[in-house]
Amino acid sequence: MCGIFGYVGSKEAPKILIEGLKALEYRGYDSAGIYVPLNNQQQSTQQQNRCIKAVGQVKNLEAKIPADFKGNIGLAHTRWATHGVPSEVNSHPHSDCSGRVWLAHNGIVENYSELKQELIAKGHTFKSATDTEVVAHLIEENLKTIADFSSALKATLNTITGTYGLVIIDANDPTKLYIARKGSPIVLGIGEGENFVASDPSAIVPHTKKVIYLNDGEWAILQAGSYQLFDLAGGELKREPQIIEWSVEETKKGGFDHFMLKEIMEGGKVIKNTLAGRLDENTLSIKLPELLGVEEKLKNIKRIIITSCGTALYAGWVGEYLLEEYAKIPVECEYASEFRYRSPIVEPGTLVMSITQSGETADTLAALREAKRQGAVIVSIVNTVGSTIARESDAVIYNQIGPEIGVASTKAFMSQVALLTAFTVRLAELRGVTTTEADKKVVQEILDLPAKIESILDSREAIKDVATKYAKYNDFLFMGRKYTFPIAFEGALKLKEISYVHAEGYGAGEMKHGPIAMIDENFPTVALCPADSVYEKMISNVQEIKARSGRVLAIATVGDQTVSKMADETIFVPEVMEMLLPIICVVPLQLFAYYIGTGKGYDVDKPRNLAKSVTVE
Ligand code: F6R
């Protein structure tokens, strides 16, 4: 949440900072700001002129930057409001009273209220309603007794509680970026004679592929030609940069109107990339070399708990069905935000799986830490290499699909479910509860998936027509059973988050226990009724809706005339084995949501009130 970008080098900082913010805009976009000091020291009045802010998207900020606004170091921020409404005064960067300390912050300073009162009593004047501003004034206060800026920063970090990713400039020495991390992701980009810092590596990739992730409790100083890392006691740390694999192309729209459409259209490729090196086409077997270090433990586990949030949680629900049915092991899948607070009991022999695109989701991370504290083995499915959850897990299965930029998760979901399927087959093998023949059949069907996904994507114009017909409704119900039950929730989530339309996911069997009361001609149902073991039950549920004048949009297996005669509209999907239905059935629902959202004229890549990486609770 919120995007920070910082630069120090010999190039013009404003342009680089604005490009960096654009790459990070999916993290928050209610206001943005930039601070670029001149290369020599200035008076505080001049410093105020070196900070420019704007409400709304980064392009509004860009439009306000004058041509003569130059400098070789700077920091910038795009905000997702927590404390204080979106406004220029609340947007970052924030400064102290004197205009010496300038900073941008991600996270929440939890003790800001007490600190603010103390600082006001000492004569500090605050401009904004944010928690962040307190950090600038606290550094200023510490500088009254501590001459050295680094030591004043260290004292400040030891006083504030909560979470932070911070980038700071001392206007008295505008050659250094000070960076600190606790709980909010921050990554350094190491270039040639120039260095970068960002809250997400996707903004750094266009400049350098050498990155260093800061851990909690670490801080750093970046200069044009050097970097130094420290712990909170002040001890210097040695760490070499790691190379990030993403390419610049992966961070661009590639001719599509939106990242969301580009990412949906990557579906077939996503399955191939996810399983590259993991699926042997000759022996039709699955290898997950990343599990080698925990395989002995996996053989003996008694129970699995999956914890995640949002779309990743729905992928986890699919995992629950897969693992129980195929690998014959008890599984519970839980909202990470509830798991951490409900005094969970993690018995010996429990495997906890965190599923997360960003690898930084605060609730998922907290659930992982609680499980780890209780001794669980942690295997995570993560897209962002080097992210906090990846680093804190015992084993990580990476998605291998490049960055997901659209705020609404699409390709990550497909990849997460594909990995859960591969993990299920491997675990079943390790536990000796499957046969080679059964595994081979699953692998062969997985190999056929990309072509089947492509066939749905090829019919996107027809799905667009259906979406256009349904765009007038304000309420939707999505229903499914067994493997399509999580897909009903995911379809509803996609629709509500990008088109702001009320949509509910439901298990079809639950309809008559309440929700069917809502059904009338103005409340359509999206019914997931592909050919599977609960098909007959779904048909009955569709009939119940029709009997109450409800409109039905069905997702059915190609050639199914029973469903298409009953439903008002039908989108057909290719036939696949039941356990792979989630991957196939989600595709039309992603496109349906996309076309309804864009049809209403919304920016589906940046839905209101949302942010990509949810690093606050
Ligand atoms: C919905 C969506 C969110 C995320 C959730 C978890 O489209 O993107 O629901 O799935 O915030 O995020 P990660 O996967 O980064 O942990």
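Let's start at P93, which is found in the loop between β4 (73-79) and β5 (94-95); helices (H or I, at least four residues) and strands (E, at least two) are DSSP runs, numbered from the N terminus. A cis peptide bond joins H92 to this proline, with omega about 0 degrees. Before going further, please keep in mind that this is a predicted model: local features need pLDDT of at least 70, side-chain atom pairs count only at pLDDT 80 or more, and totals for chains, interfaces and linings use all residues. Residues are numbered from 1 along each chain as its sequence is written, and side-chain values use heavy atoms, with hydrogens and water left out.

Two further backbone features are worth a look. K328 is not a glycine, yet has a positive phi of about 55 degrees; K328 sits in the loop between α10 and β19 (331-335). N609, also not a glycine, has a positive phi of about 65 degrees, and N609 lies in the segment after α20 (581-599). As background, most residues other than glycine have a negative phi, and most peptide bonds are trans.

Now zoom out. The chain is divided into domain 1 (3-244), domain 2 (251-456) and domain 3 (460-599), with bounds that come from an automatic or database domain assignment. The centres of domain 2 and domain 3, taken over C-alpha atoms, are 25 Å apart. Their contact (heavy atoms within 4.5 Å) takes 33 residues from domain 2 and 32 residues from domain 3.

How much area do domain 2 and domain 3 bury between them? The value is about 3,000 Å², with 78% of it on carbon and sulfur atoms; buried area is the accessible area (1.4 Å probe) that two parts lose on being put together, summed over both. On the domain 2 side, Y314, Y321 and I456 supply 22% of the area buried against domain 3, more than any other three residues.

Between domain 2 and domain 3 the count is 1 salt bridge, meaning a side-chain nitrogen of Lys or Arg within 4 Å of a carboxyl oxygen of Asp or Glu. K482 forms a salt bridge with E325, and the closest N and O atoms are 2.9 Å apart. Across the interface of domain 2 and domain 3 there are 10 residue pairs in polar contact (both at pLDDT 80 or more). A polar contact is a pair of N or O atoms within 3.5 Å; within protein, one must be able to donate a hydrogen and the other to accept it, and residues adjacent in sequence count only if both atoms are side-chain atoms.

Over the whole structure, a search finds 31 salt bridges. One of them joins the side chains of R181 and D216 (2.6 Å, N to O). R181 lies in strand β8 (residues 177-182) and D216 in the loop between β11 (210-213) and β12 (218-223), so the pair ties together parts that are 35 residues apart in sequence.

Finally, visit the ligand. It is surrounded by 15 residues, the closest being T356, Q357, S358, T361 and E497; a residue is near a molecule if one of its heavy atoms lies within 4 Å of it. An oxygen atom of the ligand is 2.6 Å from an N or O atom in the side chain of S358. A ligand oxygen is also 2.7 Å from a polar backbone atom of Q357.
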